Number of protein chains: 2
Amino acid sequence: MSPRPDLGPKPRLGYTASLIERAAEQRADAAAIAALESDPRARAYAIGGELVALKKTAAGLDPQFTLPEARALGPTAETVFLGLLDGAARFAIALERSTAEALKAREDFVVTDLRSIAIQGLVEVDHLPPIAEGKALLHWHARHRFCSNCGAASNLVEAGWRRDCPACHGQHFPRTDPVVIMLPIAGERCVLGRSYRFQGSMWSCLAGFIEPGEAFEDAVRRETHEEVGITCGRVSYFRSQPWPFPTSLMIGCHAEALSREIVIDRGELEDARWFDREEVALMLLRQHPQGLATPPSVAIAYHIIRAWVEQEIEFR
Amino acid sequence: MSPRPDLGPKPRLGYTASLIERAAEQRADAAAIAALESDPRARAYAIGGELVALKKTAAGLDPQFTLPEARALGPTAETVFLGLLDGAARFAIALERSTAEALKAREDFVVTDLRSIAIQGLVEVDHLPPIAEGKALLHWHARHRFCSNCGAASNLVEAGWRRDCPACHGQHFPRTDPVVIMLPIAGERCVLGRSYRFQGSMWSCLAGFIEPGEAFEDAVRRETHEEVGITCGRVSYFRSQPWPFPTSLMIGCHAEALSREIVIDRGELEDARWFDREEVALMLLRQHPQGLATPPSVAIAYHIIRAWVEQEIEFR
């Protein structure tokens with residue numbers, strides 16, 4: 001086995017380790033939510049689709065607004081309750097597209113997408129989990145304003161954690177889409193792929209949505225076979241990560257490759273090939289001679305790949 | 001530590017290890033699907049909500065119908081393509097409620113719910129995964145005949161794997177709801193709870209839906225604290241299981257309990273308490289002196305609990 005490379009301290013996985021206490025028991029209590037909203041210590045994240053509004057301040061960019069400040073930005077849609085921090089509420093407020101676009105022109109704001117905010121470190125890292133929570137929840141509302149059971153317009157209830165249909169009385173809950181993301185490995189080699197939408201020379205893990213009726217070990221094997229033609233045996237779970245693009249939950253795994261020949265599904269992937277551990281270490285370190293690189297450490301793919309390079313994976 | 005009890009051979013986890021190859025590349029090919037439908041070797045499961053129709057045969061109960069047989073049962077709704085078995089297609093066909101109810105009166109059928117079929121072993125165990133796949137997919141269609149984005153009636157496409165909206169052109173994919181199911185443990189003791197809906201003297205793991213913005217380790221800690229007031233530290237993933245009641249994905253975990261006092265959320269649980277390993281072994285063996293029992297082995301809870309009793313859990 002190759003020597004264990006020194007990749008430096010382990011960075012934090014993006015969007016995890018929230019400091020927010022969700023206080024779910026408050027959601028159905030309209031009076032409690034109203035009191036939290038009117039508390040001057042309440043703060044809101046202002047999110048318009050993929051865009052997040054950041055205030056320029058002397059201390060840097062601040063994603064938090066008082067509720068009156070957020071609602072003065074322009075037309076808004078849903079307000080959702082994210083939870084409590086030191087006893088004060090955190091909300092997310094949906095900006096209408098026109099509001100978010102208009103803010104882009106103002107010099108006292110930066111309005112950009114969450115991926116850029118996370119990768120470029122534009123805000124304190126502890127803001128990323130509540131922004132992810134709010135973005136996913138608001139995206140669900142934006143796409144679910146009508147009842148899927150009967151077509152009637154539905155209503156936001158429980159501070160944003162449910163929608164009720166006044167016609168058929170259906171109750172609808174926020175949706176989270178589980179996705180398997182995996183690294184097929186065989187001894188000193190692993191398979192990485194390139195999606196058509198990847199920029200530059202990035203290579204990453206394979207991934208796909210879990211389907212109805214699948215355990216995720218089965219989904220790992222099916223997706224790996226579909227995308228690169230590799231048959232996998234044992235699957236080892238690694239970590240999970242909320243991924244609000246728009247409403248996914250990434251389930252990171254390593255998979256034992258039982259076959260070696262790669263057959264690429266060109267409908268899904270631009271390319272895929274075997275990499276050895278030393279080459280991947282250089283990609284993690286951003287020292288690859290041809291400039292190939294893994295995803296950044298905000299993404300679980302970086303951590304899945306790194307755990308294998310650091311020989312921390314064991315199939316059981 | 002107590003001696004490792006002999007619990008006998010490990011039973012199979014229900015609804016997993018499907019023999020069906022999903023053949024997802026065929027779904028968009030209407031001609032291929034039509035050819036598979038008209039192949040006399042094609043078979044369908046006939047499912048009406050919670051109910052599954054089983055034919056009485058000399059060899060036992062058979063959940064498989066030819067497509068003409070299934071459609072002759074009475075009014076049906078969606079047909080969805082589950083995949084291939086030995087080159088022949090397996091479908092699931094939605095029975096209208098009236099059809100399923102009418103079949104109950106016939107002597108040549110047994111019509112009952114999937115839980116009973118699984119627990120009582122009414123069909124060959126290899127039928128359970130495709131029935132789970134079909135049931136979850138058909139339930140999604142039944143509750144999503146209208147576009148959640150604009151309220152228009154949507155259309156089934158891709159052999160049942162997508163619904164398209166003719167008005168706003170939204171595309172909708174089957175929904176799977178990830179649920180954490182966990183056993184909080186502390187040395188020789190674990191916490192089990194009783195839901196109000198449990199029958200008899202059953203005690204089981206705690207469980208709850210993963211929310212937007214949560215990794216599942218975070219969801220385990222939040223739900224355990226909400227339901228029984230226990231603070232948890234490390235979380236160890238065990239296995240996952242599709243759970244088509246109606247569209248869940250169970251994510252089984254063990255959690256390291258850092259506190260001991262139980263405070264029950266009576267809105268969620270009828271009861272919860274600490275159990276020691278020896279008492280739980282008797283519950284798994286159905287030999288408990290007061291008749292207390294774990295869930296049956298079709299459910300992941302049995303396997304989560306058993307793995308702890310058999311001392312196979314290690315936090316890392």
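Visitor: In this predicted model, how much area do chain B and chain A bury between them?
Guide: The figure covers what chain B and chain A bury between them, with 50% of it on carbon and sulfur atoms. In chain B, B:Arg143, B:Arg175 and B:Pro212 lose the most area to chain A, together 17% of what that side buries. The buried area is about 3,900 Å².

Visitor: How many residues of chain B are in contact with chain A?
Guide: Contact here means heavy atoms within 4.5 Å. On the chain A side, 49 residues take part. On the chain B side, the number is 49.

Visitor: Why can the copies be said to meet through the same surface?
Guide: Take the interface residues of chain B and look for them in the interface of chain A. The copies meet through the same surface because the share found there is 100%.

Visitor: What rotation superposes chain B on chain A?
Guide: The shift along the axis is 0.0 Å, and the RMSD is 0.0 Å. The rotation is 180°. That is the relation of a two-fold axis.

Visitor: Which residue of chain B has the C-alpha nearest the axis?
Guide: Its C-alpha lies 2.0 Å from the axis. The residue is B:Gly151.

Visitor: How many salt bridges does the rule find across the interface of chain B and chain A?
Guide: The rule asks for a side-chain nitrogen of Lys or Arg within 4 Å of a carboxyl oxygen of Asp or Glu. A:Arg22 and B:Glu214 meet it, at 3.8 Å from N to O. Across the interface, the count is 6.

Visitor: Which element gives the most residues to the side of chain B that touches chain A?
Guide: Between the two chains, 28 residue pairs are in polar contact. Elements giving two or more residues to that side of chain B include strand E10 (171–172), helix H6 (216–228) and strand E14 (232–243). The one that gives the most, with 6 residues, is H5(B).

Visitor: Is B:Leu138 buried or exposed?
Guide: B:Leu138 lies in helix H5, residues 128–143 of chain B. Outside its sequence neighbours up to four places away, B:Leu138 touches B:Ile47, B:Glu78, B:Val80, B:Ala92, B:Ile93 and B:Ala94. Its relative accessibility is 6%. The cut-off is under 20%, so B:Leu138 counts as buried.

Visitor: How far apart in space are B:Leu138 and B:Thr79, C-alpha to C-alpha?
Guide: Along the sequence, B:Leu138 and B:Thr79 are 59 residues apart. In space, the C-alpha distance is 8.2 Å.

Visitor: How many residues of helix H7 of chain B are buried?
Guide: Helix H7 spans residues 277–284 and is mostly covered. The buried residues are B:Arg277, B:Glu279, B:Val280, B:Ala281, B:Met283 and B:Leu284. What covers them includes strand E12 (189–195), strand E16 (269–276) and helix H8 (300–309) of chain B. The count is 6 of 8.

Visitor: Which residue takes a positive phi just after H7(B)?
Guide: The phi is about 60°. The residue is B:Arg286.

Visitor: What is the mean pLDDT of chain A?
Guide: In chain A, 99% of residues reach 70 or more. The model scores ipTM 0.96 and pTM 0.96. The mean pLDDT of chain A is 96.

Notes: Residues are numbered from 1 along each chain as its sequence is written. Chains are lettered from A and ligands numbered from 1 in the order in which they are written. This is a predicted model: local features need pLDDT of at least 70, side-chain atom pairs count only at pLDDT 80 or more; totals for chains, interfaces and linings use all residues. Side-chain values use heavy atoms; hydrogens and water are left out. pLDDT is the predictor's confidence in each residue, from 0 to 100. Helices (H or I, at least four residues) and strands (E, at least two) are DSSP runs, numbered from the N terminus. Buried means under 20% relative accessible area, exposed over 50%, partly exposed in between (1.4 Å probe, protein chains only). Copies are superposed by least squares on the C-alpha atoms of residues with pLDDT of at least 70 in both. Buried area is the accessible area (1.4 Å probe) that two parts lose on being put together, summed over both. A polar contact is a pair of N or O atoms within 3.5 Å; within protein, one must be able to donate a hydrogen and the other to accept it, and residues adjacent in sequence count only if both atoms are side-chain atoms.
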